[in-house]
Amino acid sequence: MGKRRTKPDVRERFGFAVKVRREELGLTQEDLADKAGIHRTYLSDVERGTRNLSLLNIERLAAALAITMTDLFAAVERG
């Protein structure tokens, strides 16, 4: 019996959704971090799935990505 593939952690899925949207918009990590009012290294941690974000930072990122929080979380669920 093989090992069952588990779904990636929600932090990883969230980070992937942020990265995909950022790249769709043609933004660098530095550009997005500036728009969201967060540090670039913090954003890097988010995209790698190593940060557990607060609701405030999720809202900031969604706004900076020109996407609703609902649509951002829908992308997380698809991921």
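**Entry 1: D45**

I looked up D45 and found it buried, with a relative accessible area of 17%; buried means under 20%, exposed over 50% and partly exposed in between, with a 1.4 Å probe and protein chains only. The model is predicted: local features need pLDDT of at least 70, side-chain atom pairs count only at pLDDT 80 or more, and totals for chains, interfaces and linings use all residues. Residues are numbered from 1 along each chain as its sequence is written, and side-chain values use heavy atoms, with hydrogens and water left out.

I then checked the partner of D45. D45 forms a salt bridge with R48, and the closest N and O atoms are 2.2 Å apart. I took a salt bridge as a side-chain nitrogen of Lys or Arg within 4 Å of a carboxyl oxygen of Asp or Glu. D45 and R48 are about one helical turn apart, because they lie 3 residues apart in helix α3 (residues 40–48). Helices are DSSP runs of H or I with at least four residues, numbered from the N terminus. Through salt bridges that share partners, D45, R48 and R51 form one network.

**Entry 2: other salt bridges**

How many salt bridges does the structure hold? I counted 5. One of them joins the side chains of D9 and R11, at 3.0 Å from N to O. D9 is partly exposed at 31% relative accessibility, and R11 is partly exposed at 34%.

E24 forms a salt bridge with R21, with the closest N and O atoms 3.4 Å apart. Both lie in helix α1 (residues 10–24), 3 residues apart, about one turn of the helix. E24 counts as exposed, at 56% relative accessibility.

**Entry 3: nonpolar core**

I looked at the largest nonpolar core, which has 19 residues. Such a core is a set of buried Ala, Val, Leu, Ile, Met, Phe, Trp, Tyr and Cys residues joined through side-chain atoms within 4.5 Å. F14, L32, L43 and L61 touch the most other members. At least two residues of this core come from each of α1, α2 (29–36), α3, α4 (55–64) and α5 (69–78). The most come from α4, with 4 residues.

For L43 I listed contacts (heavy atoms within 4.5 Å). Leaving aside neighbours within four places in sequence, L43 is in contact with V18, Q29, L32, A33, I38 and L61.

**Entry 4: N52**

I located N52 in the loop between α3 and α4. N52 is exposed, with a relative accessible area of 65%. N52 and F14 are 38 residues apart in sequence and 9.8 Å apart in space, C-alpha to C-alpha.
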